[in-house]
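Thanks, I will keep this short. Please have the sequence and the model open while I talk.

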Amino acid sequence: MSTASRPPRTASRTISWLPVTVDNTVKRLAVLSLIGQTILIVTGGAVRLTASGLGCPTWPRCTDASLVNTPEMGIHGIIEFGNRLLTFALAAVALAMLVYLWNLRRERRDLFLLALGLLASIPAQAIIGGITVLTQLNPWVVGLHFLVSMALVVVATLLVNRAYGRTGKFRVAELPALPGVARPLMSAVALFSALAVCLGVVVTGAGPHAGDADAPRNNLDWDLFSHIHAVPAYLVTAGTLFALYVVFRDRIAGPFRTAVLLLLGITVLQAVIGFTQYYNGIPALLVGAHMLAAALLMSAATNAADLARSSPAK
């Protein structure tokens with residue numbers, strides 16, 4: 001090989017310490033990404049539920065004169081700016097993941113592209129967040145901001161499954177065969193979970209927790225859309241119960257059984273929180289719990305559908 005065709009020695013030394021297999025660092029970064037995306041939803045909820053949506057009234061600065069919040073802005077400025085800072089932490093995790101996967105970018109293209117998607121989402125989320133502030137918390141823009149976060153929870157869940165070899169073509173262990181109904185059933189449950197989340201955004205846009213006292217609402221009938229929002233939630237519950245029946249009927253063990261049980265537990269928890277908040281005046285603390293449970297639900301539904309898709313059919 002000629003000198004001109006050789007990679008620079010400095011570059012070779014830089015990447016030589018990076019892993020050539022999916023090691024524990026890669027796995028931990030994947031889990032950290034999922035945890036971070038879930039926390040971002042919780043902190044975003046805290047911004048709205050504490051009326052801190054305009055705690056930083058401008059963007060990309062916190063004020064016209066300061067990049068960060070100032071003492072005069074009080075607790076609302078701290079909450080809003082803290083949520084902005086978390087975005088940078090997630091970007092650092094996603095970038096670290098890409099760096100660690102560099103030597104595997106061709107062999108484990110699945111992991112590399114998922115990590116790249118998480119990193120690419122950071123500036124997109126920042127822009128949507130800026131539009132949210134500049135439009136004085138327009139409920140549709142706020143809802144879009146939330147839905148993108150939910151989509152990132154889905155991506156991060158897939159990243160964890162692939163990193164641990166639970167699903168995909170790089171599985172480290174064979175999954176038990178599932179009945180033919182399992183794959184479309186769990187795909188439908190995941191789809192209805194996403195629909196419930198989307199309709200929940202509409203309900204929130206019509207409700208009292210706008211993020212600021214003067215923020216606009218979408219002027220839809222909150223009570224009506226609350227009932228519409230419940231329909232896909234009922235379908236998620238029914239689908240999960242049927243999946244549980246299939247699991248016990250066919251005596252299915254392993255990860256899929258665990259995934260269905262976890263999904264059922266989160267679905268029941270979400271239903272309890274939803275009914276409790278509806279009949280008790282939508283208290284902020286329960287709304288925040290409902291948002292956290294929604295993120296857990298999307299992750300659990302994605303996990304179950306991913307396992308069903310990766311399992312052989314009977």
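A polar contact here is a pair of N or O atoms within 3.5 Å, and within protein one of them must be able to donate a hydrogen and the other to accept it. Keep in mind that this is a predicted model.

Start with T63, in the loop between α2 (24-49) and α3 (74-100). Its side chain reaches the backbone nitrogen of S66 at 2.9 Å. Is T63 buried or exposed? The cut-off for buried is under 20% relative accessible area, and T63 has 17%, so T63 counts as buried. Neighbours within four places in sequence aside, T63 is in contact with T58 and M73.

Next, the cysteines. The count of disulfides comes to one. C56 and C62 form it, with sulfur atoms 1.9 Å apart. The link of C56 and C62 is left-handed, at -70° about the S-S bond. Both C56 and C62 are buried. C198, by contrast, is partly exposed, at 35% relative accessible area.

Now the nonpolar cores. The largest has 33 residues, and those with the most contacts inside it are A30, I41, M97, L101, F146, M150 and L159. Two or more residues each come from α2, α3, α4 (109-134), α5 (139-163), α6 (182-206) and α9 (284-310). Which element gives the largest share? That is α5, with 10 residues.

Take L159 as a case. Leaving out neighbours within four places in sequence, L159 is in contact with A30, S33, M97, L111, L114, A115 and L118. Apart from this core lies another, of 26 residues, including L175, L185, F256 and L263.

How values were computed. Residues are numbered from 1 along each chain as its sequence is written. This is a predicted model: local features need pLDDT of at least 70, side-chain atom pairs count only at pLDDT 80 or more; totals for chains, interfaces and linings use all residues. Side-chain values use heavy atoms; hydrogens and water are left out. Helices (H or I, at least four residues) and strands (E, at least two) are DSSP runs, numbered from the N terminus. Buried means under 20% relative accessible area, exposed over 50%, partly exposed in between (1.4 Å probe, protein chains only). Contact means heavy atoms within 4.5 Å. A disulfide is a pair of cysteine sulfur atoms within 2.5 Å. A nonpolar core is a set of buried Ala, Val, Leu, Ile, Met, Phe, Trp, Tyr and Cys residues joined through side-chain atoms within 4.5 Å.
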